[in-house]
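Keep the viewer open and try each task before reading on.

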Amino acid sequence: MTTGVCYFPEHWPRERWERDVEQMAEAGVEYVRMAEFSWGRVEPARGEFDFEWLDAAVELVGEYGMQAVLCTPTATPPKWLVDERPEILQVDRDGTTRNWGSRRFTCFNSDAYRQETERIVRRFTERYADDPRVVGWQTDNEFGCHDTVRCYCDDCADAFRDWLREKYGSVADLNAAWGTTFWSQQYDSFAAVEPPRPTPAEQHPSRLLDYYRFASDSVAEYNRLHADLVREANDDWFVTHNFMGDFAGLDAHALADDLDFLAWDSYPTGFVQDRRQGDPTADELRAGDPDEVGMNHDLYRGPETPFWVMEQQPGDVNWPPHAPQPADGAMRLWAHHAVAHGADAVLYFRWRRCRQGQEQYHAGLRKADGSPDRGYHEAARAADELFDLDPVDAPVAVLHDYENLWATEIQPHSPDWNYWAHLRAYYGAVRRHGVQADVVHPDADLSDYALVVAPALHLVDESRAAALREYVAAGGRVLFGARTGPKDPANKLHDAPAPGPLADLVGATVDQHESLPEPVETRVEYDGVSYDYRTWAEWLAPGDARAVATHESGVADGRPAVVERDVGDGAVTYCGVWPEPELADALVSDALDAAGVRRTGRLPELVRVAERDGFTWVTNFGGDPVDVSVPAGTEFVVGGSTVDGFDVAVVDAAPSDLDCS
């Protein structure tokens, strides 16, 4: 368990470098990430390489007892390359070329850019193949940021046709799978298929879903090129990539097999503003939403592998709508929170606030003049407090699939539909009861989980349904959410009512569904208590299942909203509404109890607990202090029984033994 920092020596006078690196070592930093945007500095003209400055920086890092993490520099190719080979540029849906002048403007399917990628990555990796101070590599940087996963250029059009040929074999099979008789959208050849460029009305949903799959696969193939070159140079290096929070365009699961572990970039005060529904509270503007950040930690953590935070917010940042200063203690809190969720390293971005370019208003651990900024001492304190731990052992799996995300957002059926928010309605209920959860793909091995939560498992075929039947019959418990099972993997409705192939497992079908705006009353009665729901509602037709909740409003009044069914040694619950927090808590706490998962009572709104390797972290994302009662003789490893606002405590006890108030 350690900390690190992202450093750009090329931004600073050479005479300052050693003092920078010395101060990193004084702060307890172990890893220094460098060079992700360095192509133009390393190769200022074709074939003219200058690695001497990076050699010197790597040497300094090693001299001060730290390790270098280098990056393949392909997110920002130099101007001379674009001038020589303009065909590497991406094209927007409307045909506009994405020009040089920022970053991430190159096409993943450009043969020219893949040639140039192989050339520069090979030079980088061969240069440091025998350097013991380099411990691993990050491929590129934030694949797809700025909405750049999907390109619509001619290279992508050709690659999409090849992708379809491989998937369907014949254009007749493509037409049948997509259902192209609607609006006379049949194709007479693969050559006739174009990328989904602008049209007067909405695009065909099956065509869109396949294009989203194709574009994500293109990134995965491009990442594989990097990973193979890194391992060819030195197969002892680790290889990772830094993904982003609540990022919809790229299937991170699809890249995982080519990486040793996943990393991501965590900016809590930005995320709560620009990628979450609703307005943030004052406390959230200072420290973020623990469940928004936590769900991304758990998404990028594998069931048996750690993850890294490759970029941790160090202070105020430049890109969200507003740039509040984080609360005192927040930068330390975020490091502990990440470690509690399974991180093995937390690297702050960046070391020093930059004096040039687009990120001048992005804080660093040090100010632009090199003096300590607010995050420096907090990062140093966190580094001193962290200790080695075994991986997280989570009893609950929350199923997440980018294809379900894409399909529901292609046809959201409500302006308020948001896949991430719906998923987090259930995930947050698990976390509000102090239970660790793995966020995993539906095809993952589920046999070791006591409870599986499956919100909006939208695309279901017989093989996926069979795996879930087997899990439940063996004693597992599943909590399904609304919008489960209406469609097949081609994004077409099944010829049977939802949940389609899961209907026999659930023991009920969806009779009707509706989406509703906020002013409409939306209530259900569950276990004798009335609860609110939002956005989406189904009323159910039970077969073998028993109704455990009924609608109390609208045309669905009196009809089943939630059903349960015992199956073999297991059980299934299907919730046909998007639950507000109180209903989600009731459903999830009952499911946890039935599955035999030990839990806490409902935690205070911005307080979370997380167990790792026998220790429990109490993280307070709110401004008010919280008291923690523990069994007699229990040791606090960090902090004490009163956890102040934006503070943390670590205790040698299980979460279910704690009382937080």
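**Exercise 1. Find the salt bridge that joins Glu-118 to Arg-122, and describe its setting.**

Step 1. The side chains of Glu-118 and Arg-122 meet in a salt bridge, with 2.9 Å from N to O. The term stands for a side-chain nitrogen of Lys or Arg within 4 Å of a carboxyl oxygen of Asp or Glu. This is a predicted model, in which local features need pLDDT of at least 70 and side-chain atom pairs count only at pLDDT 80 or more, while totals for chains, interfaces and linings use all residues. Residues are numbered from 1 along each chain as its sequence is written, and side-chain values use heavy atoms, with hydrogens and water left out.

Step 2. Both Glu-118 and Arg-122 belong to helix α5, 4 residues apart, about one turn of the helix. Helices (H or I, at least four residues) and strands (E, at least two) are DSSP runs, numbered from the N terminus. An α-helix has 3.6 residues a turn, so residues three or four places apart point the same way.

Step 3. Now look at accessibility, where buried means under 20% relative accessible area, exposed over 50%, and partly exposed in between (1.4 Å probe, protein chains only). Glu-118 is partly exposed at 32%, and Arg-122 is partly exposed at 24%.

**Exercise 2. Which parts of the chain does the salt bridge between Arg-114 and Glu-221 link?**

Step 1. In this salt bridge, the closest N and O atoms of Arg-114 and Glu-221 are 2.8 Å apart.

Step 2. Arg-114 sits in helix α5 (residues 111-127) and Glu-221 in helix α8 (residues 205-233), so the pair links distant parts of the chain, 107 residues apart.

Step 3. Arg-114 counts as buried at 16% relative accessibility, whereas Glu-221 is partly exposed at 41%.

Step 4. For another case, take Arg-350 and Glu-359, whose closest N and O atoms are 2.4 Å apart in a salt bridge. Arg-350 is buried, at 4% relative accessibility.

Step 5. Salt bridges can also form a network, as they do among Glu-43, Arg-46, Glu-84, Arg-85, Glu-87, Glu-116 and Arg-119. The count of salt bridges in the model comes to 62.

**Exercise 3. Characterise the aromatic pairs Phe-51 with Phe-124 and Trp-417 with Trp-578.**

Step 1. Start from the rule: rings of Phe, Tyr and Trp (its six-membered ring) pair if their centres lie within 6.5 Å, and planes under 30 degrees apart count as stacked, over 60 as edge-to-face and the rest as tilted. This gives a count of 39 aromatic pairs.

Step 2. Phe-51 and Phe-124 are edge-to-face, at 5.1 Å centre to centre with 75° between the planes. Phe-51 lies in the loop between α2 (39-42) and α3, and Phe-124 in helix α5, so the pair ties together parts that are 73 residues apart in sequence. Both Phe-51 and Phe-124 are buried.

Step 3. Trp-417 and Trp-578 are also edge-to-face, with 5.4 Å between centres and 75° between planes. Trp-417 is in the loop between α15 (402-410) and α16 (419-431) and Trp-578 in strand β20 (residues 577-579), 161 residues apart. Trp-417 is buried at 6% relative accessible area, and Trp-578 is buried at 2%.

Step 4. To finish, select Phe-243, Trp-264, Tyr-267, Phe-271, Tyr-300 and Trp-319, which form one aromatic cluster.

**Exercise 4. Trace how strand β9 is paired.**

Step 1. Strands pair if DSSP finds at least two bridges between them. β9 pairs with β1 in the parallel sense over 4 bridges, and Thr-3 has Val-346 in β9 as its bridge partner.

Step 2. Strand β8 (residues 307-312) also runs parallel to β9, joined by 4 bridges; here Phe-307 stands opposite Ala-343.

Step 3. From β8 the chain crosses through helix α13 (residues 330-340) to β9, in a right-handed β-α-β crossover. Right-handed means that, with the strands pointing away from the viewer, the path from the first strand over the helix to the second runs clockwise.

Step 4. In β9 (residues 343-348), 5 of the 6 residues are buried, so the strand is largely enclosed by the rest of the structure.
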